Amino acid sequence: MTLKVIGGGLAGCEAAWQAAERGIDVELYEMRPEKSTGAHRTGDLAELVCSNSLGSNLMGRAAGLLKAELRLLGSLLISCADASSVPAGGALAVDRQAFSDCILHKIESHPRIQLIRREITEIPESPAILATGPLTSPALSSALKALTDEDQLYFYDAIAPIVHRDSVDMAIAFRSNRYDRDDERDKGDYLNCPFTEEQYYKFREALLAAERIELRGFEAAIEDGVDAGREHYFQGCQPVEVIGRRGEKSLAFGPMRPVGLFDPHTGRRPFAVVQLRQDNIAGDLYNLVGFQTNLKFSEQARVFRMIPGLENATFERYGQMHRNTFIAAPVVLNDQYEFHRQPGLFAAGQLAGVEGYAGNIASGLVTGINAARQIRGEAPLGLPLTTMTGALLNYVAHADLRDYQPTKAMFGLLPKPEDGVRRSKRDRYAYYSERAIVDLKAYLGLG
Ligand SMILES: Cc1cc2nc3c(=O)[nH]c(=O)nc-3n(C[C@H](O)[C@H](O)[C@H](O)COP(=O)(O)OP(=O)(O)OC[C@H]3O[C@@H](n4cnc5c(N)ncnc54)[C@H](O)[C@@H]3O)c2cc1C
C-alpha cells in the first residue's frame with residue numbers, strides 16, 4: 001500500500017522519510033516549482049521561507065531540547081540542518097540552499113520514495129498525510145473545508161529582508177554576539193548596526209510614516225487587532241512597523257534592544273541596534289534579525305538605508321507578508337492527527353497547528369511514523385509526555401479552542417517536577433531537559 005504525502009516542506013519531507021524508512025512506499029507530492037506559494041522563492045524541498053535559524057540548540061532551552069530529542073528519534077531534517085549549519089551563537093542556523101540540497105539528495109535517493117512535482121487539488125484517498133503548510137494552495141484549502149466544517153483559521157506572517165554583506169559599512173557596524181567578553185567581540189557571529197538616541201527616533205518616525213503594501217479590508221481589520229483571538233501573526237514574526245507603533249521605545253526594548261552589546265567605535269553601549277545574522281554558508285548574505293515587514297519594497301530600500309551602516313546596503317530580498325492557514329486540530333483531528341471524517345488521512349506541520357521550524361519537523365516525524373505503523377497494523381507511538389515532542393503534539397491535539405492558535409515548543413507544556421523541590425528557572429529547565437532525555441531514551445530502549 002502506498003502512502004501519499006502532500007507537501008514537500010519541513011513536515012512532509014520528514015514524514016515521507018520516516019514512513020519510507022519503515023518499509024512503506026511513499027509518493028511525495030510538491031507543487032513547486034510548477035506552482036508557487038507567494039512566500040517560497042524556489043522549487044527546493046523544505047525551503048525555509050523566513051529566518052534561516054531553527055532556534056536554540058542549547059539544552060536549557062525548549063527549542064534546544066526539542067532538537068536533542070529529534071536527533072535521538074533519527075530526524076532526517078535535523079541531521080541535514082546539522083550538516084549545513086552556519087555560525088549563530090547558541091542557535092542552529094543553516095545555509096538554506098545546503099539544507100534543502102541535503103534533503104533533496106536523501107529523498108531522491110531513497111528507493112521507497114517517489115517525488116512527484118504536482119499540485120494536489122482534491123483530498124487524497126487514505127492512507128495519506130496532508131502537510132501543505134501555512135500556505136496551502138487555495139484549491140486544496142477549499143477541498144479541506146468539507147473535512148473541517150470550515151474550521152480553518154487564518155493569520156499573518158511577515159518575512160525579513162536580506163542584504164549583501166559587502167554592502168554593510170563596517171566602519172559603522174561592528175561584529176559581536178550579545179554578552180561577548182572583551183577578547184571575543186570582533187569574532188562574534190552577528191553584525192550590529194548601532195543607533196544613537198537621535199538616530200533611533202528619526203528612524204522610528206520614518207518607519208511609521210512609510211507606505212505599506214495595501215491590505216484588503218478584512219486583513220486590515222485583523223491587523224488592527226479586531227478578531228485577534230482567531231487571527232494573528234506568527235509569533236516572533238510581527239512586522240517591525242507594527243511593533244514600532246506600540247510605543248516610542250517598543251523597538252528599543254524589542255528587535256532593536258542593545259543589551260549585552262558594546263560598540264568598539266564609540267566605546268559605549270548603543271541606544272539601539274539592528275542585528276544582522278549570517279544567512280548562507282558563503283557568508284555573503286545577512287538577514288535583518290526581527291525586521292519582518294510589510295513596507296513597500298521602495299520604502300524598505302529608503303527607510304532601512306537610514307540604519308547606521310546600511311546607508312549603501314543592497315538587498316538580496318525584501319521583506320513580505322502573507323496569509324496563513326491552519327485547521328482547528330482539537331475538533332477536526334484525533335490524538336494521532338488523523339481526520340475524524342476520514343480514517344487513514346493525517347495532517348502534519350503548521351497546517352495541523354504546530355508552530356516553528358523544529359516543531360513542524362517533529363510533527364512530520366511522529367505523523368510519518370504513525371501513518372507507517374497504521375499501515376503495518378501496529379500501535380501508534382506513545383511518546384512520554386515529559387518529552388518536548390510528546391508534550392507539544394499532545395497539547396496541540398487537546399488545546400482549548402477559545403484561544404486556539406499554532407503552538408511552539410515551550411517548557412510550560414511539560415508536567416511539573418514530580419519531587420516538589422523548588423528550583424530557579426534555570427535549574428527547572430535543566431531538570432526538564434534531563435528528565436525528557438532520560439525518559440525518551442528509556443522509551444526508545446537506548447538505556
Ligand atoms: C512568510 C512566512 C514566514 C515564516 N517564518 C518562520 C520563521 O521565521 N520561523 C519559523 O519557525 N517558522 C516560520 N514560518 C512558519 C513556517 O512556515 C513553518 O515553521 C514551516 O515551514 C512549516 O512547515 P510545514 O511543513 O508545515 O509547511 P511548509 O514548509 O510551508 O511546506 C508545505 C509545502 O507544501 C507545498 N504545497 C502547498 N499546497 C500544496 C498542494 N496543494 N499540493 C502540493 N504541494 C503543496 C508548499 O509548496 C510547501 O513546499 C513562516 C511561515 C511563513 C508563511
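Trainee: What should I keep in mind about numbering and confidence?

Mentor: Residues are counted from 1 along each chain, following the sequence as written. Since the model is predicted, local features need pLDDT of at least 70 and side-chain atom pairs count only at pLDDT 80 or more, while totals for chains, interfaces and linings use all residues.

Trainee: Happy to start with the domains. How is the protein chain divided?

Mentor: There is domain 1 (2–151 + 328–444) and domain 2 (159–321); such bounds come from an automatic or database domain assignment. Their C-alpha centres lie 29 Å apart. The contact takes 19 residues from domain 1 and 17 residues from domain 2, where two residues are in contact if their C-beta atoms, placed from the backbone, lie within 7 Å. On the domain 1 side, helix α4 (residues 96–108) gives the largest share, three residues.

Trainee: What makes us say where the ligand lies relative to the domains?

Mentor: Both domain 1 and domain 2 give residues to the shell around the ligand, so it lies between them. The shell has 39 residues, and the closest are G7, G9, C50, G133 and G349. A residue is near a molecule if its C-beta atom, placed from the backbone, lies within 6 Å of it. Helix α1 (10–21) gives the most, with three residues.

Trainee: Why is α6 called a helix, and what backs up its length?

Mentor: Helices are DSSP runs of H or I with at least four residues, and strands are E runs of at least two, numbered from the N terminus. The 13 residues of α6 (residues 197–209) should span 18 Å, and the end C-alpha atoms are 19 Å apart, which agrees. The expected span is 1.5 Å times one less than the number of residues.

Trainee: Which residues of α6 are buried, and how do you know on which side they sit?

Mentor: Y200, F203, R204 and L207 are buried. They cover an arc of only 100 degrees around the axis, which puts them on the same side of α6; the arc is that of the directions from the helix axis to the C-beta atoms. An α-helix has 3.6 residues a turn, so residues three or four places apart point the same way. On the other side of α6, E198 and A209 are exposed. The buried residues pack against β11 (191–195), α8 (240–245), β12 (272–278) and α9 (297–304).

Trainee: Why is R204 called buried?

Mentor: A residue is buried if 20 or more other C-beta atoms lie within 10 Å of its own, exposed if 12 or fewer, and partly exposed in between, with C-beta atoms placed from the backbone. R204 has 23 such atoms within 10 Å, so it is buried. Leaving aside neighbours within four places in sequence, R204 is in contact with G244 and L251.

Trainee: What makes A46 and Y337 worth a look?

Mentor: Each has a positive phi in a residue other than glycine: near 50 degrees for A46 and near 65 degrees for Y337. A46 is in the loop between β2 and β3, and its 27 C-beta neighbours inside 10 Å make it count as buried. Y337 lies in the loop between α10 (329–332) and β16 (345–347), and is buried with 28 other C-beta atoms within 10 Å.
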